[in-house]
Structure formats: C-alpha cells, structure tokens
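Hi everyone, thanks for coming. Please have the sequence and the model open while I talk, and stop me whenever you like.

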Amino acid sequence: MEKLVIRGGRPLRGKIEISGSKNAALPIMLACILVDGPVLYRNVPRLRDIFTTLKLLRILGCSAAFTDEAGHEVAAEAGALMPEAPYDLVCTMRASVLVLGPLLARLGRAKVALPGGCAIGARPVDLHLKALERMGARFDLDSGYIVGTCAELRGADITFDFPTVGGTENLLMAASLARGETILRNAAREPEISDLVNFLCACGAEISGEGSDTLHVRGVSSLRGCAYSIMPDRIEAGTFLTAAAITGGELFLENCPAEALNAVISKLESMGVGFERNPEGLRVRSGASLKSAGVTTRPYPGFPTDMQAQIMALMTRAEGSSTVEETIFENRFMHVPELGRMGADIELSGSRAVIRGGRPLIGAPVMASDLRASASLVLAGLAAQGETQVRRIYHLDRGYEHIEHKLNAVGADITRLEDR
Ligand code: UD1
C-alpha cells in the first residue's frame with residue numbers, strides 16, 4: 001500500500017491541465033458493447049477505474065486497450081460478446097453494473113454480480129432494474145448475481161423515482177437499440193449524461209432532450225463506430241479550485257469545464273474566492289480571507305456530492321460557522337473524524353455537519369476511506385502546518401490522475417511512499 005506525505009503551508013501558483021472525466025469515460029467506454037465497428041476514445045484519464053473498465057470489456061468479448069504506454073487514447077471494439085461480469089471486478093468498481101443495459105440490448109442476457117455496499121452507503125440498483133423491467137427485461141438473483149433476460153427490449157415511458165445517474169445511463173444505452181421510443185422522465189441531468197448522449201448520437205443513436213430531465217430515445221437497429229473525445233473532469237477541476245483557495249494561492253486550470261462547475265464556483269465566490277473565465281480555462285484566486293457558507297448536496301445542477309468533502313476541508317479555514325447537508329448518500333462523512341485529527345472543529349448530526357472554522361490545521365497521519373474523502377484530506381494537508389500523511393491512497397488513484405505530480409508542479413511538496 002502507498003501513502004502521500006504532504007508538507008503543508010505552501011500557496012499553489014501556476015497552471016494545471018484538467019484530465020478527462022472518469023465518470024463520463026466509464027459509461028461511454030462500456031457503451032462500445034452496443035457499437036458495430038471500432039471506436040476511438042480520446043482524452044481518457046489513466047486511472048485505476050479505467051483499467052478495470054478495460055479489463056471488464058475484454059472479459060465481455062471486446063477488444064479494449066490504450067493505444068500507447070502513456071497516452072490518453074483507447075481503441076475498443078465489440079467482438080463475440082459474453083454476458084457475465086464477474087464479482088471480483090464488480091466489487092472493485094460499482095459502475096460495472098452499467099453493462100446490464102448494453103448486454104441486454106445486444107444479447108438479451110446479462111449476468112452481473114450484485115454490487116455490495118460500499119464505503120459511502122448501501123447504493124442499491126433497484127431503480128436500474130425496475131426501469132429495465134419496464135422495457136421487457138426480467139431479473140432473478142442467483143448466487144449473488146443479477147441475471148437479466150429479455151426476448152427483446154421495447155421502448156417504454158419510464159419515470160425514475162429519483163434522478164439516478166447510473167440508472168439514467170444504463171437506460172439510455174439499453175433504449176438506444178430497443179424497438180420503438182423510450183421516454184426517460186425525472187432523468188439525471190449531470191454533464192456526464194450529456195457526454196454519453198453525445199457519444200451515442202455520434203454513433204447514430206437518436207436521442208433528444210439532452211441536458212433536460214426528460215430524454216426521448218428512438219431505438220435504432222445498429223450503432224456505428226466513431227472517434228470521440230471525453231469531456232474534462234469537473235470534479236478534478238473543482239478539487240484544484242479548492243486547492244488554490246485553501247492554500248491562499250492562484251491557479252489557472254486549462255481545459256476546465258467551468259459551465260459544469262457553476263454551483264461550485266458560485267459557492268466558492270460567496271466564500272470570497274475570485275474567478276476569471278476565459279476560453280482557454282479558468283483562473284482562480286484565493287481572497288484575503290474566507291467567509292463561512294452553507295452547502296446542501298443536490299442532483300445536478302445543484303451542488304455535487306462529489307465536491308462535499310473537499311469544500312468541507314475549505315470551510316475549516318473560513319471565519320465563523322459553516323454547514324454541510326448531505327442529501328445524496330448516507331455515510332458520506334468519513335473524512336470528518338480524520339479532519340478532526342488535524343484540528344478541525346466539526347460537529348456531526350445525521351446528514352448535517354457544522355464546521356466551526358478558523359482553527360489552525362496541524363499535520364497528522366490520516367486514513368483515506370473513499371475517493372472524495374481522500375481528496376479532502378489532501379487539501380487539508382496542503383493547508384496544514386507541518387507534515388500530513390494520507391494513508392490508503394489507492395482510493396485517490398481511482399479518480400485523480402497523477403495528483404501529486406500535478407500539485408507539485410504548482411508548488412506543493414508531496415511525496416508518494418510505500419506504507420508498511
Ligand atoms: C454517480 C457517480 C458518483 C456520484 C453520484 C451522484 C459515477 C461512476 N459515479 O454514482 O461519483 O457521487 O453519481 O452524483 O458516475 N440509488 C438507489 N437506487 C438505485 C440507484 C441509486 O437507491 O437504483 C440511490 C443511491 O444509493 C444514492 C443515490 O440514489 O444514494 C444516487 O445514486 P446515483 O445517482 O445512481 O449515483 P451513481 O450512478 O451510483
């Protein structure tokens with residue numbers, strides 16, 4: 001196992017290039033199952049979850065690999081498909097469940113290990129299954145596997161009980177090759193959904209309503225290959241915006257999806273952080289002092305749950321009391337006791353945290369528990385006096401490409417070490 005050793009207290013200054021979006025790349029790469037012919041993906045981040053996705057695609061009968069050792073292009077093509085996504089992959093990457101829709105559409109059969117609970121809560125997939133049933137699929141549970149079958153998928157008018165991101169993606173993929181029209185209501189509107197819609201349309205799918213909560217999909221008989229560039233990662237960008245603010249620095253983020261970050265940018269602005277948008281990227285400048293704020297996580301376009309832990313680290317630096325209310329996931333406060341070990345004053349009650357800011361953060365050994373909690377501890381370490389050791393950083397490597405290289409290039413002092 002590895003750890004990051006961070007010597008804090010250095011303002012970050014310079015330019016960082018934002019990588020391709022992990023959460024957009026996962027469904028878009030899995031969508032190659034639906035496509036006849038080769039697909040070339042550009043701007044794919046080299047992350048652990050992406051390598052897991054490549055492995056999963058190969059197990060399912062696709063060819064899928066980066067085209068060179070260090071680059072960001074992936075060539076993929078569906079071959080003779082197999083219907084089974086094994087447990088050892090699904091348990092390391094919950095998004096594996098996104099193969100259900102594509103496999104049912106192509107093979108009429110899918111066998112996918114039921115993802116168990118994960119560090120941030122139960123995370124069931126009932127909404128995916130219910131919606132696919134409305135399109136004619138049947139599901140059974142067999143030895144820990146969801147086994148789905150259908151004679152054919154047919155269009156349906158589906159209303160989600162909650163705008164689930166993964167559920168909307170699964171259904172979009174299934175409906176693209178179904179017979180007839182599917183309407184998805186109360187669909188998730190995250191920018192990564194729009195990226196998937198754009199990819200499917202580039203392959204010949206007929207989808208309208210992109211960006212809204214109602215998507216119309218007219219099924220087509222086949223999809224063709226294309227070359228497609230994955231959108232930049234809004235959560236990576238949001239994390240670096242927060243890194244500039246928490247260290248009292250100034251960063252220019254190249255290739256930054258500013259539009260997709262509106263909720264985060266306006267919250268940081270209300271805390272006193274300055275922004276300058278231009279066509280090449282986004283400049284962020286920390287203010288003289290930080291003001292407290294209140295954040296409630298919501299589906300897009302609301303404040304993203306994937307930025308909750310990071311903004312909480314920033315709130316420990318703000319004058320007065322800030323609040324965070326988490327409405328999307330249960331158990332998404334594992335960073336709180338760790339921030340407490342660094343001197344933060346945070347009181348938790350159910351889904352709400354009160355952060356009394358302004359106390360100095362002091363470096364300490366801390367344990368990363370999930371991807372975004374890890375990012376929050378790195379941010380706290382950058383601002384803390386002395387040395388912070390963030391342990392179990394394999395979580396961080398699932399979602400941030402070369403995080404210590406990117407941060408060191410703008411003035412941080414972070415070393416990756418073997419942790420025995
Ligand atoms: C995706 C993102 C994740 C982000 C989340 C919310 C990927 C790979 N992951 O996760 O980073 O935090 O969106 O923006 O893109 N739920 C159910 N039943 C279901 C589906 C979801 O109860 O069938 C619940 C979940 O337990 C959770 C909430 O709905 O509490 C949100 O889930 P969802 O929007 O589906 O998120 P994911 O697709 O898992």
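By salt bridge I mean a side-chain nitrogen of Lys or Arg within 4 Å of a carboxyl oxygen of Asp or Glu. In general, side chains of opposite charge can pair when their charged atoms come close.

Before going on, some housekeeping. This is a predicted model, where local features need pLDDT of at least 70 and side-chain atom pairs count only at pLDDT 80 or more, while totals for chains, interfaces and linings use all residues. Residues are numbered from 1 along each chain as its sequence is written, and side-chain values use heavy atoms, with hydrogens and water left out.

Now the domains. The protein chain is assigned domain 1 (2–18 + 232–418) and domain 2 (22–229); these bounds come from an automatic or database domain assignment. The C-alpha centres of the two domains are 30 Å apart.

What do domain 1 and domain 2 bury between them? About 1,800 Å², 52% of it on carbon and sulfur atoms. Buried area here is the accessible area (1.4 Å probe) that two parts lose on being put together, summed over both. In domain 1, the residues losing the most area to domain 2 are Tyr300, Arg398 and Glu401, together 34% of what that side buries.

Counting contacts (heavy atoms within 4.5 Å), 25 residues of domain 1 meet 20 residues of domain 2. There are two salt bridges between the domains.

Pro301 sits in the loop between β20 (294–296) and α10 (308–315). Helices here are DSSP runs of H or I, at least four residues, and strands are runs of E, at least two, numbered from the N terminus. Asn43 has a positive phi, near 60 degrees, and is not a glycine; Asn43 is in the loop between β4 (39–42) and α2 (48–59). For background, most residues other than glycine have a negative phi, and most peptide bonds are trans.

On to the ligand. Which of the 18 residues around the ligand come nearest? Those are Asp126, Leu127, Thr164, Asp306 and Ile328, where being around it takes a heavy atom within 4 Å. An N or O atom in the side chain of Asp306 is 2.6 Å from an oxygen atom of the ligand. Arg94 places a polar side-chain atom 3.4 Å from a ligand oxygen atom, and a polar backbone atom of Pro124 is 3.3 Å from a ligand nitrogen atom.

Finally, back to salt bridges, which number 28 by this rule. One of them joins Lys15 and Glu254, with the closest N and O atoms 3.4 Å apart. Lys15 is in strand β2 (residues 13–17) and Glu254 in strand β17 (residues 250–254), so this pair ties together parts that are 239 residues apart in sequence.

Thanks, and I'm happy to take questions.

Conventions: Polar contact = N/O pair within 3.5 Å; in protein donor to acceptor, adjacent residues only side chain to side chain.
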